[in-house]
Amino acid sequence: MKFAIITILFSLFLLDFGFAQQGDLDISRFGGKPNTNIGQAFLSAWTQACASPTAVKIVIPAGTYQMGAVDVKGPCKAPIEVQVDGTIQAPANPTDLKAAHQWFVVQYVNSFTLSGKGVFDGQGATAWKQNDCTTNKDCKMLCMNFGFNFLNNSIVRDITSKDSKNFHVNVLGCNNFTFDGFKVSAPKDSPNTDGIHIGRSTDVKILNTNIATGDDCVSLGDGCKNITVQNVNCGPGHGISVGSLGKYDAEEPVAGLLVKNCTLNGTDNGVRIKTWPNTPGAITITDMHFEDLTMNNVMNPIIIDQEYCPWNQCSKQNPSKIKISKVSFKNIKGTSGTKEGVVLVCSSGVPCEAVEMADIDLTFNGSAATAKCANVKPTITGKAPTCAA
C-alpha cells in the first residue's frame, strides 16, 4: 500500500513538471494567446519540450499572434514537432528585431518537425524600402524569416513563409532535411527575398513546394551536397540558382544537384549556375542535373554565367577560377522571354567540361530559341539549339 502511494505521488510529480508522456503542449498553457506576443510563451514551451524524454508537439492553434526574434537550440532528449495553424507576425519595423539576422531560428536539433497550416508573416514592406543593396555593397543585413542551422533528420511541412524582410529561409549545416508542401509568398518587387537558400548542407530535399518571391526561388551556396528540388512551382522570382559562388576564398565545393519536374512561370531566369569573375574562390561545381522542366515566358531559361557581376559592382579583368563539370539539361520545354533561350558562358581560365543538352524545346515569339556558348562544347542529344559563339 505504501509503495502504491509513493508511485502515485511520483507520477503526479512527473506530470507537474512535464516529464511524463506529454503529448501536445498548447501554447496557451504557457500564456500564449491570440493578439499577444507569444515569444516568451514559445521559449517556455520549447524548454519543457526539449527536456522531455519522449516526443513532444508544441501547438500554436488558429488565430493571429505576434512574436519578436526567437532562437531555440538543442540538443534535445527526444523529437520535437512545432505545429502552427495560426498566423504569427514579425515586427514590421526592422529595428524592433534588435539586429537579429533571422526571426525564427532552430538549431542543433535532431528530428525536428515544423508543420501545420500556419503562416509566418515577416511584414517586410517597411524593410524593403530600406534595402539599398543595389547601390551599396556594404548595405545593412535585414532579418530573414527562418534560420535552420545544424539540424539532422528534420522536416518542414505545409507551412507558409510570407513577406520576409530578406531571405525567407536560410539552411546551414543541415543533414537529411526536407521541405514538403512548403509555400513562399512575397511580391515580385520585394528585394533580396530568396525563397530557400541552402549552404554547407547535405541531403536536402525541396518537394511539392510553391515559391513566389522577388529573388531566387531556390539558391545553393557553397558546400552543398546531394540536393533535390522536385515538383516545385517557381514564379515570380529569379529562378533556381547555384551560386553565386567564388566571391570568397574559403568556400567549399558544390556537388550533386537534381532539379526535376519543376515549372517556372514568368521568372527573370530559369535554371542557372553563376560564379564571380576576378575573385579568389577556386572551388569546383560538379554533378548538376536539370531535367523535365517547363518554362512559361521565362526570360533566360538555361544559364551558366561565369561572368556574374550584379549591378556592375565588380571587375571582369580576370576570369572565374571555378571549375564546372558534369552538367546536364534534359527535356526542358516551354517559352522563353528572350531570343537566346540557352546561354552558357563559361570561364576562359577553366572552361566547363562534360556539359550535356538533350531534348531542349524552347520557343521565342513562336520560333525556336537560340543558344549562345563560350568556353564550353556541350554534347547535344535529340532536339536542342546549336551553340553560337
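1. A salt bridge here is a side-chain nitrogen of Lys or Arg within 4 Å of a carboxyl oxygen of Asp or Glu. With that in hand, have a look at Asp 292 and Lys 260: they form one, with the closest N and O atoms 2.7 Å apart. Asp 292 sits in strand E24 (residues 284–298) and Lys 260 in strand E21 (residues 254–260), so this pair ties together parts that are 32 residues apart in sequence. Asp 292 is partly exposed, at 25% relative accessibility.

2. Before going on, remember that this is a predicted model. The chain has a mean pLDDT of 93, and 94% of its residues reach 70 or more. Over residues 1–21, though, the pLDDT is below 50, and that stretch makes nine contacts in the model beyond near neighbours in sequence.

3. Arg 157 forms one with Glu 81, and here the closest N and O atoms are 4.0 Å apart. Since Arg 157 lies in strand E11 (residues 152–157) and Glu 81 in strand E5 (residues 80–84), the pair ties together parts 76 residues apart in sequence. Glu 81 is buried, with a relative accessible area of 19%, while Arg 157 counts as partly exposed at 31%.

4. Lys 323 and Glu 353 are another pair, with their closest N and O atoms 3.2 Å apart. They link distant parts of the chain, strand E26 (residues 323–336) and strand E28 (residues 353–364), 30 residues apart. Both ends are partly exposed: Lys 323 has a relative accessible area of 22%, and Glu 353 is at 47%. Elsewhere, Arg 200, Asp 222 and Glu 252 are joined in a network of salt bridges.

5. Next, follow strand E27 (residues 340–345). Five of its six residues are buried, so the rest of the structure largely encloses this strand. E27 pairs in the parallel sense with strand E25 (residues 302–305) over four bridges, and Ile 302 stands opposite Val 342 in E27. E27 also pairs in the parallel sense with strand E30 (residues 370–374), over five bridges; there, Glu 340 stands opposite Thr 370.

6. On the surface, Tyr 108, Phe 150 and Leu 172 form a nonpolar patch with about 260 Å² of accessible area together. Leu 172 belongs to strand E13 (residues 169–172) and is partly exposed at 31%.

7. Finally, find Ala 62 in the loop between strands E2 (56–60) and E3 (64–66). Ala 62 is exposed, with a relative accessible area of 59%. Leaving aside residues up to four places away in sequence, Ala 62 touches Asp 85 and Gly 86. Ala 62 and Asp 85 are 23 residues apart in sequence but 4.9 Å apart in space, C-alpha to C-alpha.

Notes: Residues are numbered from 1 along each chain as its sequence is written. This is a predicted model: local features need pLDDT of at least 70, side-chain atom pairs count only at pLDDT 80 or more; totals for chains, interfaces and linings use all residues. Side-chain values use heavy atoms; hydrogens and water are left out. Helices (H or I, at least four residues) and strands (E, at least two) are DSSP runs, numbered from the N terminus. Buried means under 20% relative accessible area, exposed over 50%, partly exposed in between (1.4 Å probe, protein chains only). Contact means heavy atoms within 4.5 Å. Two strands pair if DSSP finds at least two bridges between them. Patches are made of residues with over 30% relative accessible area and no salt bridge: like charges are joined within 9 Å, nonpolar side chains (Val, Leu, Ile, Met, Phe, Trp, Tyr) within 5 Å. Accessible areas come from the Shrake-Rupley method with a 1.4 Å probe; for residues, only the protein chains shown count as cover. pLDDT is the predictor's confidence in each residue, from 0 to 100.
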